[in-house]
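I opened my notebook to get to know a new structure. Here it is, so that you can follow along with my entries.

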Amino acid sequence: MKKSILLIASLFFAACEKPSEPEVPVIIFETDMGNDVDDALALDMIYKYLDKEKVKVLAISSNKQSPYSTEYIHLMNHWYGYPDIPIAKVINGIDSENDARKYAEFVSLQKDSTGAPLFQRPDFDYDQVPEAVSLYREILAKQPDHSVTLVSVGFSTNIYRLLNSLPDEYSPLSGKELIAKKVKLLSMMAGSFGEKKIPEYNVVKDIPAAQNITEEWPTPIVFTPFEAGIAVTYPATSIENDFTWAPYHPVVEAYKHYLDMPYDRPTWDLIALLYVVENSPEYFTLSEAGAITVDDKGYTSFTPSKDGKHSYLTVDSVQALKTRQHFVELITAKPNLK
């Protein structure tokens with residue numbers, strides 16, 4: 001009888017126990033903000049995930065050599081109510097101002113009818129923005145082991161420099177050692193693995209950096225390739241119709257300026273972020289493990305290997321539709337403006 005009572009009691013308390021909460025990703029977002037507008041859409045997603053407590057953000061780092069790249073991030077942090085997220089910049093990095101309309105500059109400089117900034121925020125001092133590798137090392141040194149995910153959706157310059165950095169006042173470890181100790185995953189928008197693969201833009205802009213990362217990066221890397229991004233486009237109809245709750249919106253203004261409307265833009269960077277926060281087979285499929293290499297022209301190749309640290313995402317037509325719908329739901333939702 002006593003055994004039965006104890007068994008019933010143990011089952012009761014087990015049933016009352018709360019299920020374990022899913023692990024919240026801790027990320028650093030590495031972006032070439034200002035080149036393609038999908039970076040801005042992905043940044044909007046980050047704030048929505050923050051609102052829902054689905055992610056923790058240690059820093060947002062720009063790898064585009066432009067003061068407006070970081071100023072736009074500064075503007076977005078304040079507009080969405082997350083002004084304390086650290087921002088970092090690249091020094092002597094890569095720029096591509098001739099490759100796209102300057103939406104980051106355009107939105108940063110927009111004025112209202114009185115001549116005041118359209119999107120209010122504290123004054124921005126580019127000279128005071130810390131250099132990326134230094135901030136990376138300072139932040140990573142303080143984190144629990146194997147706890148940080150890097151989401152890199154631009155050029156490889158900053159993470160290449162981090163990988164090859166030397167011991168400093170923040171850590172006695174080399175860059176590679178520090179990454180191996182503190183980082184658990186790199187989610188990287190780069191590469192092309194389709195039947196008609198191309199030298200993908202993020203790779204081509206800094207081929208030596210991309211080569212070094214595929215050869216030396218000590219943690220697993222999941223690539224969001226060109227083909228995955230073009231399979232899912234963000235609809236112009238959403239930009240035109242779904243943001244009436246805001247008289248002016250920094251992502252809508254950026255999207256409308258980037259190209260002549262209407263256009264549906266591929267969602268490369270959004271998918272790299274989605275994989276980290278909401279890894280679900282309804283949105284994409286992860287390849288088998290293997291090794292990815294980058295040749296001198298920027299072409300990427302994948303070789304299957306059970307011991308490989310690399311894999312990449314693919315998106316079929318059914319997944320593309322679900323992912324597109326999910327992106328629209330996330331991005332058009334009104335943020336918890338503070």
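Why does the distance between the end C-alpha atoms of helix 14 agree with its number of residues? I worked it out for residues 317-332: at 1.5 Å a residue, these 16 residues should span 22 Å, and the end C-alpha atoms are 23 Å apart, which agrees. The expected span here is 1.5 Å times one less than the number of residues. Helices (H or I, at least four residues) and strands (E, at least two) are DSSP runs, numbered from the N terminus.

A note on ground rules: this is a predicted model, in which local features need pLDDT of at least 70 and side-chain atom pairs count only at pLDDT 80 or more, while totals for chains, interfaces and linings use all residues. Residues are numbered from 1 along each chain as its sequence is written, and side-chain values use heavy atoms, with hydrogens and water left out.

**Entry: more on helix 14.** I looked at the start of helix 14 and found a side-chain oxygen of Asp316 within 3.1 Å of the backbone nitrogen of Val318. I then listed the buried residues of helix 14, which include Gln319, His326, Phe327 and Ile331. Buried means under 20% relative accessible area, exposed over 50% and partly exposed in between (1.4 Å probe, protein chains only).

**Entry: the whole chain.** I counted 14 helices and twelve strands in the protein chain. Its radius of gyration is 21 Å, close to the 20 Å that the globule rule gives for 338 residues, so the chain is as compact as a globular protein of that length. That radius is taken over C-alpha atoms, and the rule is 2.2 Å times the number of residues to the power 0.38. Along the principal axes, the C-alpha atoms fill a box of roughly 80 × 50 × 45 Å. Buried residues make up 55% of the 338 residues.

**Entry: aromatic rings.** How many aromatic pairs are there? I get 18, using rings of Phe, Tyr and Trp (its six-membered ring) with centres within 6.5 Å; planes under 30 degrees apart count as stacked, over 60 as edge-to-face and the rest as tilted. Tyr103 and Tyr258 have ring centres 6.0 Å apart and planes at 85°, so they are edge-to-face. This pair links distant parts of the chain, with Tyr103 in helix 4 and Tyr258 in helix 12, 155 residues apart. Both Tyr103 and Tyr258 are buried. Tyr258 also pairs with Tyr263: the centres are 6.4 Å apart and the planes at 50°, so that pair is tilted. Elsewhere I noted one aromatic cluster, with Trp79, Phe119 and Trp245 among its members.

**Entry: Ile28.** I found Ile28 in strand 1 (residues 26-31). Is Ile28 buried or exposed? At 1% relative accessibility, Ile28 counts as buried. Beyond its neighbours within four places in sequence, Ile28 is in contact (heavy atoms within 4.5 Å) with residues including Leu58, Tyr136 and Val151.

**Entry: Ser69.** My last stop was Ser69, in helix 3 (residues 67-80). Ser69 is buried, with a relative accessible area of 1%. A polar atom of the Ser69 side chain lies 2.7 Å from the backbone oxygen of Met33. Not counting residues up to four places away in sequence, Ser69 touches Asp32, Met33, Ser62, Lys64 and Ala104.

Definitions and conventions:
A polar contact is a pair of N or O atoms within 3.5 Å; within protein, one must be able to donate a hydrogen and the other to accept it, and residues adjacent in sequence count only if both atoms are side-chain atoms.
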